[in-house]
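Let's take a walk through a protein together, one piece at a time. Have a look at the structure below before reading on.

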Amino acid sequence: MTKGEHIRHVVIYKILMLPVRLFVRVFMHFKTAPMPKIAGPYVVLSNHNSDYDVVFVGAAFRRQMYFVAGEHIFRWGFASKLINWAFGPISRAKGSTDASSAMSILRHIRKGYNICMFAEGNCSYNGLTCPIHPTVGKLLKRSGATLVTYRMSGVYLFSPRWAHTLRKGPMTGQCVNVYPPEKLKEMTVEQLNAAVRQDLHEDAFAVQERVMARYRGKRLAEWLETALCICPKCGGIGTLRSEDDRFSCTCGFSVRYGEYGFFEGSDLPFRTVTQWDAWQTGKLAELAASAGETPLFRDTDMTLYSIAADHSETVAAHGDMWMNSEVLAIGERRFALKELPQLSIVRQCNMVFSAENEYFEIRGAHPWNARKYVAVHDDLRARTHPDHELTD
C-alpha cells in the first residue's frame with residue numbers, strides 16, 4: 001500500500017465518521033461509552049456478533065483503522081472494489097492455514113497504522129463469545145502495538161448470526177482495557193490470551209435476563225435451522241424448519257421465538273438458543289464418537305465452488321452433500337477428512353475449507369446447517385490430532 005492510498009483511507013474515514021456515528025446512534029440505537037486517549041499504533045480486539053460490527057466499532061474510534069475481514073467480502077464484484085478502494089481491508093481466508101493475513105497485519109502496524117480485528121474470527125451462533133484463537137496472543141506480542149479491548153452488548157439479539165432479518169433494540173459498546181506495549185511484553189502468551197478472553201466475554205442471554213430489553217422485528221425465527229439442527233423431542237437431524245416466529249419439527253414439536261429472544265411455548269426443553277446449542281453440541285459429539293462408513297447426515301442441492309487467488313469462482317461440483325467418519329462428499333467430489341485441517345463457516349451457512357492446494361466454498365440452494373459438519377469434523381480430528389488448534 002502506498003502513502004497516497006493510506007492518506008485516501010484516512011480522509012474517507014474522517015469524512016464518514018460523523019454521519020456514521022449519528023446513523024448508528026439514532027437509527028440503530030447503538031451507544032458507545034466515551035473512549036480514552038490511546039497512543040498509536042494500536043490493535044483493537046472486539047467481540048463479534050453481526051455483520052454490522054465493523055460499523056459499530058468504526059463509529060466508536062475516531063482514528064482510522066484497517067479492519068481484518070473475511071476473504072468472502074472480496075467476491076462482491078463492484079462493491080468489493082469500492083470497499084477496497086475506500087478502506088483497504090486486510091483479507092483473511094477462513095478455513096485456511098494461510099499466514100499472509102498475519103504478515104499483512106504486522107506490516108501495517110510497523111508503518112504506524114491502526115488495526116481492528118474480531119478476535120473470535122467468527123460471529124456467535126448461540127449468544128456466547130466464541131473461542132479466541134491461541135495465535136492471537138503471539139501476534140499481539142510480535143506487533144509491538146498497544147492493545148485495546150472493546151466489548152459490545154445487545155448486538156446478538158439485534159442481529160443473531162443465524163437470522164434472516166434484523167430487529168430493533170438497544171445496543172452498547174465500551175472500551176474494556178488498554179494494554180500498552182510495555183505491559184504486553186511482561187505478559188506471557190497464555191496470560192495475554194486469558195486477558196483477551198475475559199475482556200471480550202459476552203453472554204447475551206445472561207445480560208438479557210437482567211435488562212429484559214425488547215427487540216422488535218418481523219419473521220424473528222427464520223433461518224434458525226442454520227444454528228440448531230437437532231429436534232429435542234424426536235432427535236431428528238435436519239427435520240427442523242422456521243417460518244415467521246415459529247420453529248418446528250416434522251414430528252410436531254414447535255416453539256415460538258419471542259421479541260425478548262427467549263423461546264415460548266408449552267413443555268419447553270430449553271429457554272434460550274444457548275441452552276439448546278449446548279445440548280446439541282453434546283449430541284453431535286456422541287454422533288462423531290459412533291461414526292462409521294454410513295453417512296451421518298445428508299443435504300441436497302448443494303454446490304461446491306473453487307475460489308481462485310484473484311477471488312473469482314468456478315463451480316467444481318453439484319449434488320448431494322454427506323459426511324461419514326472418513327469422507328466429506330459433494331456431488332462427485334470426495335475429500336478425505338484427514339486431509340482437511342479446518343472446516344469453517346462464512347455468513348449463516350456457507351462452508352469454506354482448503355484442500356488439494358485449492359480453496360473451496362459450499363453453498364446450498366436453501367438455508368441449511370453447516371455447523372453439524374464442522375462440529376463432527378472437529379471432534380473426529382481432535383481424536384486423531386489431539387494437539388490440533390481449531391479455528392473458524
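Is Glu-286 buried or exposed? With a relative accessible area of 51%, Glu-286 is exposed; here buried means under 20% relative accessible area, exposed over 50%, and partly exposed in between (1.4 Å probe, protein chains only). Before going further, please note that this is a predicted model, in which local features need pLDDT of at least 70, side-chain atom pairs count only at pLDDT 80 or more, and totals for chains, interfaces and linings use all residues. Residues are numbered from 1 along each chain as its sequence is written, and side-chain values use heavy atoms, leaving out hydrogens and water.

Glu-286 has a partner: its side chain meets that of Lys-283 in a salt bridge (4.0 Å, N to O). A salt bridge is a side-chain nitrogen of Lys or Arg within 4 Å of a carboxyl oxygen of Asp or Glu. Side chains of opposite charge can pair when their charged atoms come close. Both residues lie in helix H10, 3 residues apart, about one turn of the helix. Helices (H or I, at least four residues) and strands (E, at least two) are DSSP runs, numbered from the N terminus. Lys-283 is partly exposed, at 34% relative accessibility.

Now turn to another pair. Asp-299 and Lys-372 form a salt bridge between their side chains (3.1 Å, N to O). This pair links distant parts of the chain, as Asp-299 is in strand E14 and Lys-372 in helix H11, 73 residues apart. Asp-299 is buried at 10% relative accessible area, and Lys-372 is buried at 3%.

That brings us to helix H11 itself. Its 14 residues (371-384) should span 20 Å at 1.5 Å a residue, and the end C-alpha atoms are 20 Å apart, which agrees; the expected span is 1.5 Å times one less than the number of residues. The buried residues of H11 include Tyr-373, Val-374 and Leu-380. Among the elements covering the buried residues of H11 are helix H10 (273-289) and strand E14 (297-307). Contact means heavy atoms within 4.5 Å.

Arg-383 also has its place in helix H11, and at 49% relative accessibility it counts as partly exposed. Not counting residues up to four places away in sequence, Arg-383 touches Ala-285, Ala-288 and Ala-289. Arg-383 and Ala-288 are 95 residues apart in sequence, yet 9.9 Å apart in space, C-alpha to C-alpha.
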